[in-house]
Amino acid sequence: YSRGGPGPGAGRPERRRLMDLAPGGPGLQRPRPPRVRSPPDGAPGWPPAPGPGSPGPGPRLGCAALRNVSGAQYVGSGYTKAVYRVRLPGGAAVALKAVDFSGHDLGSCVREFGARRGCYRLAAHKLLKEMVLLERLRHPNVLQLYGYCYQDSEGIPDTLTTITELGAPVEMIQLLQTSWEDRFRICLSLGRLLHHLAHSPLGSVTLLDFRPRQFVLVNGELKVTDLDDARVEETPCTSSADCTLEFPARNFSLPCSAQGWCEGMNEKRNLYNAYRFFFTYLLPHSAPPSLRPLLDSIVNATGELAWGVDETLAQLETVLHLFRSGQYLQNSTSSRAEYQRIPDSAITQEDYRCWPSYHHGGCLLSVFNLAEAIDVCESHAQCRAFVVTNQTTWTGRKLVFFKTGWNQVVPDAGKTTYVKAPG
């Protein structure tokens, strides 16, 4: 880690207790005066460009940033680590991650060997590895590492806490109820991430633990957060018999290169996991009909490992272009009904539900243009009017409320109501 750690010239680590951040909350004790030392020097080019809601540009965060935090909340834990959510004095919310002292890995090690400090160092190796990889693999779809802090905790000196971007957990059941546009964004984010991992500065990186819980959503973008089980080197081999890629449903045989490595195993493992955990559920369902053949090709090709990540990403970017530009729209052969335009107005109530909708109590969909909005209204038996809002989605499409009538038209600047003409 001396080659890929927090940076050259780092002095004695700054110190603060993670568990002394705020009163109350699971596992959180009342604050005590921290023992703080000077923060380490930042690495060249640090930090990455901050995203929305991040602490902002400037030096890497250290223990000093954890003074006077508020709203400390326990988020969750796994076998090794626990995650907390806190709000910094400037208002930005961040995640703190540390070894879970009541977790499985540390507890089982202590029970077997009785060496608490040594067991902590063994468990902390995962957190340190993850911190290094978050820094070295910086990318819009890799969780941002804002900094770290070494502290005394539970009688153990120099325990590590990392400070990262805060994301929301990936809940597949909820995602299946969202719009196709948002689900496609997640698959596109994943395609871009896998392309980055296949061509990273460290070489081809594979995620050995590729479950949805290893990812979070930040403003609709999918980001990988758990990298402690990532592997950089390809699998060594003496023959192709050593290069079997095994999954619960099927196996794949890959060639053994002359250099003694299984060719493309890291990339192929990531891609098939993306297919079985994400693409097969999120890509095809409720997609625009004209895009379904291309989406089916993506799902089938990744399920058979017929494509690599380069071709997969290229096809996903093609889908984005067709959708964003409106080229996916099919020419309507039927004549459209006439609609009366009422500027700077909206319709209160008179909602009906449709699926998928951006609004649970009504029918709120995104459209490329007015013609598509009319087509949507014509395809819904109960639709008699619609309101074009001043809100847009991540692709720049307008959000439109579809209504059952227009009895309650009210002034609303920036919105435009269209009502179906009689006859």
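Which residue forms a salt bridge with Glu317? Before I answer, please keep in mind that this is a predicted model, in which local features need pLDDT of at least 70 and side-chain atom pairs count only at pLDDT 80 or more, while totals for chains, interfaces and linings use all residues. Residues are numbered from 1 along each chain as its sequence is written, and side-chain values use heavy atoms, with hydrogens and water left out.

The partner of Glu317 is Arg192, and their closest N and O atoms are 2.9 Å apart; a salt bridge here is a side-chain nitrogen of Lys or Arg within 4 Å of a carboxyl oxygen of Asp or Glu. This pair links distant parts of the chain, since Glu317 sits in helix H7 (residues 309–325) and Arg192 in helix H4, 125 residues apart, where helices are DSSP runs of H or I with at least four residues, numbered from the N terminus. Glu317 is partly exposed at 28% relative accessibility, and Arg192 is partly exposed at 29%, on a scale where buried means under 20% relative accessible area, exposed over 50% and partly exposed in between, with a 1.4 Å probe and protein chains only.

Let me turn to the nonpolar core, a set of buried Ala, Val, Leu, Ile, Met, Phe, Trp, Tyr and Cys residues joined through side-chain atoms within 4.5 Å. The largest one has 74 residues, of which Leu190, Phe215, Leu227, Phe278 and Leu283 touch the most other members, and its largest share, 10 residues, comes from helix H4 (residues 180–198). Apart from this core lies another of 16 residues, among them Tyr352 and Val400.

Terms used: Helix = DSSP H or I, 4+ residues; strand = E, 2+ residues; numbered from the N terminus.
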